[in-house]
Amino acid sequence: DLAAPHVFLTYLLYLPLGWPKWIGYLLAFVMGHLVSIFAPPYGAHAFTAVLLMGLRQIWVELIKPQVSGSDVDELKFETQSFGWQLFYAAPLLLVYELTYHILSDFGVTFQSLLKGVGSAAYTLAFLLVFFILFYKRTEK
């Protein structure tokens, strides 16, 4: 059992922040459940995807650029720097992957921690390549 990237997290992390929260939670549950069907233990991806969406809003509120009058709902990913994208995604992916691998291994072991960190690194690499290819930085 090796570390593997979870590509579907890219879509969850880059959902528009202005959307109603229930849409994000619903999409996270459905996408996580669909992945869980093919990757046991059943329900682990659904749980951790919903956890990710819950932490996402809190994390963005903490790291949003400190511009006067800026609102999280108005924050656009394509206007943020590469460094900000890295700082945004890395902790969220690490929490997701560690939680998933601890749940799937039914405990905290060195192997589950190693798989969690490895999977987070693979997923982050995919996410950053996605960002480089599809998001063109625009002038503010």
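Throughout these legends, a residue is buried when its relative accessible area is under 20%, exposed when over 50%, and partly exposed in between (1.4 Å probe, protein chains only). This is a predicted model, so local features need pLDDT of at least 70 and side-chain atom pairs count only at pLDDT 80 or more, while totals for chains, interfaces and linings use all residues. Residues are numbered from 1 along each chain as its sequence is written, and side-chain values use heavy atoms, with hydrogens and water left out.

**View 1. Overview of the protein chain, with 5 helices and 0 strands.** The elements run α-α-α-α-α from the N terminus on; helices (H or I, at least four residues) and strands (E, at least two) are DSSP runs, numbered from the N terminus. Of the 140 residues, 38% are buried. Among contacts with a separation of 6 or more, 70% come from residues 24 or more positions apart, where contact means heavy atoms within 4.5 Å.

**View 2. K64, a lysine in the loop between α3 (44-63) and α4 (82-104).** Why does K64 count as buried? Its relative accessible area is 16%. The K64 side chain also makes a polar contact with the side chain of E61, at 3.3 Å. Such a contact is a pair of N or O atoms within 3.5 Å; within protein, one must be able to donate a hydrogen and the other to accept it, and residues adjacent in sequence count only if both atoms are side-chain atoms.

View 3. The ring centres of F8 and Y96 are 6.2 Å apart and the planes meet at 75°, so the pair is edge-to-face. This pair links distant parts of the chain: F8 sits in helix α1 (residues 8-13) and Y96 in helix α4, 88 residues apart. Both F8 and Y96 are buried. Rings of Phe, Tyr and Trp (its six-membered ring) pair if their centres lie within 6.5 Å; planes under 30 degrees apart count as stacked, over 60 as edge-to-face and the rest as tilted.

**View 4. W84 and Y88, two residues of helix α4.** With centres 5.3 Å apart and planes at 5°, the rings of W84 and Y88 are stacked. The two are 4 residues apart, about one turn of the helix, and both are buried. Ring pairs join W84 and Y88 with Y14 and F130 in a cluster.

**View 5. F29, a residue of helix α2 (residues 21-38).** F29 is partly exposed, at 43% relative accessibility.
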